[in-house]
Amino acid sequence: MTREEALKLIQEKVKTKNLVKHMIAVEACMRKLAERLGEDPEMWGLAGLLHDIDYEVTKDKPEEHAKIGAEWLHEMGLPEEIVNAVRRHAGRDEKPVEPMDIALYAADPLTGLIVASALMHPSRSLKGMDRDFVLRRFREKRFAAGANREQIKECERLGLSLEEFIDICLEAMKEVSDALGL
């Protein structure tokens, strides 16, 4: 599946603009992480782009989230690495095992934290933000409380410090800031 085909699939399955932006943010992070870790940016990017493909169908049944999306992607013939990463990113039935799984599991909440940080930054954009600004928000437990800090810290399983991980994802999201509206 190409990125264009994935975007077409997202247009069919996802109607919430902010969810699409989130998926694009995670895609950007996954591509940068793949480059940094010597992995395939196209494959990792697709996993990031498609990870919440079933969210609108499962939002009232969170225990089903990622399972249905993984089934859809499997039926479409996507590589098992992507299917597994999508299924495991929810972290419920199957824990992240492979580097792609771990990266997706950790990047998913970090993108939310970065977006929330940007919205409260004086510039109200990603362009003026740096790692220290995001780290200060990370340490504020009540700020963006839905961004699971322990899940974000799983980046250490990839051999990345929290600081490096934030740098990589912040840089990636800045590169797609127009698409994110930030």
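Student: Where is the place of Ile53?

Tutor: Helices are DSSP runs of H or I with at least four residues, strands are runs of E with at least two, and both are numbered from the N terminus. Here, Ile53 lies in the loop between H3 and helix H4 (55–58). This is a predicted model, in which local features need pLDDT of at least 70 and side-chain atom pairs count only at pLDDT 80 or more, while totals for chains, interfaces and linings use all residues. Residues are numbered from 1 along each chain as its sequence is written, and side-chain values use heavy atoms, with hydrogens and water left out.

Student: Is Ile53 buried or exposed?

Tutor: Buried means under 20% relative accessible area, exposed means over 50%, and partly exposed lies in between, with a 1.4 Å probe and protein chains only. Ile53 has a relative accessible area of 1% and is therefore buried.

Student: Which residues does Ile53 touch, not counting residues up to four places away in sequence?

Tutor: A contact means heavy atoms within 4.5 Å. By that criterion, Ile53 touches Leu9, Ile10, Lys13, Val14, Met23, Gly69 and Trp72.

Student: What is the pattern of the chain along the sequence?

Tutor: The chain follows α-α-α-α-α-α-α-α-α-α-α, with eleven helices and zero strands. The radius of gyration is taken over C-alpha atoms, and the globule rule is 2.2 Å times the number of residues to the power 0.38. For this chain the radius is 15 Å, close to the 16 Å that the rule gives for 182 residues, so the chain is as compact as a globular protein of that length.

Student: Which residues have the most contacts inside the largest nonpolar core?

Tutor: In soluble globular proteins, nonpolar side chains tend to be buried together. A nonpolar core is a set of buried Ala, Val, Leu, Ile, Met, Phe, Trp, Tyr and Cys residues joined through side-chain atoms within 4.5 Å. The largest one here has 59 residues, and those with the most contacts inside it are Leu33, Leu50, Ile114, Leu126 and Phe165. The largest share of this core, ten residues, comes from H7. Leu126, not counting residues up to four places away in sequence, touches residues including Ile114, Ala118, Leu170 and Met173.

Student: How much of the chain is buried?

Tutor: Buried residues account for 51% of the 182 residues.
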